[in-house]
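Subject: Structure for you to look at

Hello,

Here is the structure we talked about.

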Amino acid sequence: MHNHRSAWNQCLQIIQNQVDEKSFKTWFEPIVPLSLHGQQLTIEIPSQYFYEWLEEHFVKELQFALQTVIGPKARLEYSIVVDQGDRNNRPLHMTLPNQGNGTPAPIKQENGAFKEGYPNLKPVPQHIQQMNGNGADSGIKTGKSAFFHRLEKDRIFDESNLIPSYSFDNFVEGDCNRLARSAGLAVAFKPGITSFNPLMLYGGVGLGKTHLMHAIGNKIRELDSQRKVIYISSEKFTNQFIESLTKNAANDFTEHYMHMDVLIIDDVQFLAGKEKTQEIFFHIFNHLQQAGKQIILSSDCSPKDLKGMHDRLISRFKWGLTADLQQPDFETRMAIIQKKMQNDGVNMPIEVVEYLAINIDTNIRELEGALISLIAQSSLNKQEFDLTLAKKILENIVHNIEKEVDIDKIQRSVSAYFSVSIHDLKDKTRKKEVATARQVAMYFAKEYTDYSLKQIGQYFGGRDHSTVIHAVQCVHNLIDTDNSFKRTVDDLKKQLQTN
Ligand code: ADP
Ligand code: MG
């Protein structure tokens with residue numbers, strides 16, 4: 001029985017006879033055998049480049065040696081040192097299978113030693129040859145395998161995925177996005193050449209990250225239609241990777257992305273906790289960056305706040321430029337609505353535009369949603385775009401915003417309305433005005449926040465949950481029976497929504 005070292009030593013002796021001395025020294029001496037499991041030998045090689053070179057030039061020699069020493073079903077696996085690591089991080093390895101598995105071994109004619117070929121080698125069935133590629137049609141540099149083409153045909157890897165309607169022209173500039181937009185433009189004009197590589201865009205939902213990334217991709221393609229640009233969400237990237245693993249085509253997956261000129265990955269926060277995908281992504285990232293290709297990423301928070309992500313990946317994210325997108329200010333919101341109206345050929349009175357811009361300040365997606373509802377309602381019911389319609393439409397959206405009211409705000413508003421101090425709201429006093437105000441405040445806390453009854457009790461001087469239930473019931477009863485009380489509650493509701 002062999003162990004990995006003795007097996008590899010014997011392989012080396014065979015290989016030494018087949019390749020010239022210089023190649024042997026350069027490409028084979030640095031290899032370290034790592035393990036032998038059954039007929040699978042794993043060897044450590046120093047870099048991706050090494051892997052590509054071996055696969056391109058010596059795959060047949062390797063295979064022949066392996067099959068001679070280990071057996072006809074010998075398999076080779078490379079463990080590539082992707083990152084040397086440092087004091088705090090272990091070196092990062094990545095394993096890749098040898099691509100030429102099952103291909104007939106070469107016959108080294110010159111020295112006559114293997115003239116008869118390899119006797120134990122069974123012919124490889126056609127479909128397996130196609131799936132794995134063979135010596136001449138495999139590896140990173142030697143072209144895509146038949147299986148890859150099938151994947152492509154199946155549209156697992158489709159085109160650039162760019163949405164043409166997301167452009168710079170319809171991306172409104174404001175203080176909130178100026179840096180991200182101008183960095184995006186710089187990258188679009190000189191992909192891979194500026195120091196903004198990677199360009200990392202981050203910010204909350206609906207603030208324009210996806211739009212901007214597509215705009216960059218579209219611009220690059222507009223300036224040079226030959227560039228290979230791909231946009232993909234990190235979720236889809238993960239799913240493709242998993243699928244490629246199940247189909248034994250992980251190399252095809254890597255190769256596909258390594259051939260891109262511009263790689264755009266949206267919402268990288270979803271890679272959190274996905275170790276293997278992060279590993280392969282890290283590898284692709286390094287390859288592209290070394291080759292001067294552009295990488296554009298987005299995430300919902302700054303790189304330093306990304307959780308569940310390998311430190312090395314996060315440090316790569318910070319290499320280029322990180323630019324955040326913030327909530328748009330009032331003027332930008334006005335400009336965005338006007339731009340959208342212009343694009344859709346819609347005309348709206350200025351006070352309606354203002355009403356929307358004042359009331360929806362969360363994000364641009366919400367703003368767009370409101371605008372679309374407004375346009376739909378007005379055309380369905382043949383109604384004018386007026387304030388009444390706008391208010392009606394906004395009711396639903398405002399309801400969502402209500403959820404964001406916090407207990408402090410409720411206590412402030414209620415104490416001001418009833419002229420009782422916040423201290424009293426939290427205190428033990430049972431004075432009638434205070435007790436009513438306290439109950440109303442608890443009612444709003446229950447209706448408009450996601451706090452539990454117990455948590456609400458805590459906010460009101462550590463009362464227990466049954467006190468909160470009682471308060472909520474009392475207020476409901478009063479709303480049903482006392483009109484002036486109902487008006488009070490409605491007034492307060494409006495205040496909470498608008499302030
Ligand atoms: P994110 O990816 O940050 O969640 P999106 O890019 O999906 O946000 O943007 C949400 C919507 O808002 C999209 O329809 C987009 O076109 C629009 N949008 C965002 N920012 C702008 C902007 N600056 N100008 C015009 N439209 C914008
Ligand atoms: Mg997005």
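The shell around ligand 1 is made up of seven nonpolar, seven polar and four charged residues. Please keep in mind that this is a predicted model.

In total, 18 residues surround the ligand, and the closest are Val172, Gly206, Thr210, His211 and Glu368.

Next, the parts of the chain that form the shell. Three helices each contribute at least two residues to it: helix H8 (209–223), helix H13 (330–344) and helix H15 (364–380). In terms of domains, domain 2 (178–324) and domain 3 (330–393) each give at least three residues to the shell around ligand 1.

For His211, a side-chain N or O atom is 2.6 Å from an oxygen atom of ligand 1. For Lys209, a polar side-chain atom lies 2.8 Å from an oxygen atom of the ligand. For Arg365, the distance from a side-chain N or O atom to a ligand oxygen atom is 2.8 Å. Taken alone, ligand 1 exposes 550 Å², and the protein buries 94% of that area.

Two points about the backbone remain. Which kind of peptide bond joins Asn197 and Pro198? The bond is cis, with omega at about 5 degrees. Pro198 belongs to the loop that runs between helix H7 (178–189) and strand S5 (199–202).

The other point concerns Asn248, which is not a glycine but has a positive phi of about 60 degrees. Asn248 is in the loop between helix H9 (234–246) and helix H10 (250–258).

Regards

Key
Residues are numbered from 1 along each chain as its sequence is written. Chains are lettered from A and ligands numbered from 1 in the order in which they are written. This is a predicted model: local features need pLDDT of at least 70, side-chain atom pairs count only at pLDDT 80 or more; totals for chains, interfaces and linings use all residues. Side-chain values use heavy atoms; hydrogens and water are left out. A residue is near a molecule or strand if one of its heavy atoms lies within 4 Å of it. A polar contact is a pair of N or O atoms within 3.5 Å; within protein, one must be able to donate a hydrogen and the other to accept it, and residues adjacent in sequence count only if both atoms are side-chain atoms. Accessible areas come from the Shrake-Rupley method with a 1.4 Å probe; for residues, only the protein chains shown count as cover. Helices (H or I, at least four residues) and strands (E, at least two) are DSSP runs, numbered from the N terminus. Ala, Val, Leu, Ile, Met, Phe, Trp, Tyr, Cys and Pro count as nonpolar, Asp, Glu, Lys and Arg as charged, and the others, Gly among them, as polar. Domain bounds come from an automatic or database domain assignment.
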